[in-house]
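Please walk me through this structure in the viewer, one selection at a time. I would like to know what to select next and what is there.

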Amino acid sequence: MVYKIAGVTIGDVNRPILDRRVQEDIEDALKKLTLHIKFERLVDPEWAARQRDRGRSEDWIQKRNVIVRRNRTMRPDPREGGNSNCIKWAADDPNIHSFELKPLRPRSFRNDDDKFGTTTELEAQPKEEDPSGEMITVFHYFKRRFNVTLKYPKMPIVCFGKEGWYPIEFLYQEFSKAKTAN
């Protein structure tokens, strides 16, 4: 079977792309494209049951679990100084790309006076310095955060600036918007 990324023929989708010429061709092709990001996370059964109790339809529940970002172009990662490559060549290799995943902070809530964060419960909480997190790959991040297992963890991940890194399997081309594409 022939596999392609942005029109560039690649070998096996279960191995990283090591050929520098193929990497350059893929990067050049992706720079010309406007892309959509789309993936579907698995439905949390408890959350779905709560939504059904609130009268939500199955169609509504399924739509809420599809993540879509439209009309995106590759951009360097500003956290890496903005001078980095826009593509890393494997989603599951910590030697190629990993980042610090910090624990989520608790959300603020409204008190009886309809003000945010002024309750004694919030004031009584100890003020933590910036909590340190663990180093994690994009593959593990999507598994933990969205309950999505990548089909092709050896394939590239693409940076969209402040929005972060997304696996190539989540990208598809917006055909009406291509910059200087042939």
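Start by selecting arginine 52, which has 40% relative accessibility and therefore counts as partly exposed. This is a predicted model. Side chains of opposite charge can pair when their charged atoms come close. In the whole structure, a search finds ten salt bridges.

Next, select arginine 56 and tryptophan 60. Arginine 56 lies over the face of tryptophan 60, 4.3 Å from the ring centre.

Move on to arginine 72 and glutamate 163. Their side chains form a salt bridge of 2.6 Å, N to O. Arginine 72 is in strand E4 (residues 66–72) and glutamate 163 in the loop between strand E8 (157–159) and E9, so the pair ties together parts that are 91 residues apart in sequence. Both ends are partly exposed: glutamate 163 has a relative accessible area of 34%, and arginine 72 has one of 23%.

For another salt bridge, select glutamate 134 and arginine 144, whose closest N and O atoms are 2.6 Å apart. This pair links distant parts of the chain, with glutamate 134 in strand E7 (residues 134–136) and arginine 144 in helix H5, ten residues apart. Glutamate 134 is partly exposed, its relative accessible area being 41%.

Now turn to the aromatic rings. The count of aromatic pairs comes to eleven. Select phenylalanine 99 and tyrosine 141, an edge-to-face pair with 5.7 Å centre to centre and 65° between the planes. Phenylalanine 99 belongs to strand E6 (residues 99–101) and tyrosine 141 to helix H5 (residues 138–146), and the two are 42 residues apart. Phenylalanine 99 is partly exposed at 26% relative accessibility, and tyrosine 141 is partly exposed at 22%.

Then select phenylalanine 142 and tyrosine 166. The ring centres are 6.0 Å apart and the planes meet at 55°, so this pair is tilted. It links distant parts of the chain, 24 residues apart: phenylalanine 142 is in helix H5, and tyrosine 166 is in strand E9 (residues 165–167). Are phenylalanine 142 and tyrosine 166 buried or exposed? Both are buried.

Together with Phe99, Tyr141, Phe142 and Tyr166, they form one aromatic cluster.

Notes
Residues are numbered from 1 along each chain as its sequence is written. This is a predicted model: local features need pLDDT of at least 70, side-chain atom pairs count only at pLDDT 80 or more; totals for chains, interfaces and linings use all residues. Side-chain values use heavy atoms; hydrogens and water are left out. Rings of Phe, Tyr and Trp (its six-membered ring) pair if their centres lie within 6.5 Å; planes under 30 degrees apart count as stacked, over 60 as edge-to-face and the rest as tilted. Helices (H or I, at least four residues) and strands (E, at least two) are DSSP runs, numbered from the N terminus. Buried means under 20% relative accessible area, exposed over 50%, partly exposed in between (1.4 Å probe, protein chains only). A charge sits over a ring if NZ of Lys or CZ of Arg is within 6 Å of the ring centre and within 35 degrees of the ring normal. A salt bridge is a side-chain nitrogen of Lys or Arg within 4 Å of a carboxyl oxygen of Asp or Glu.
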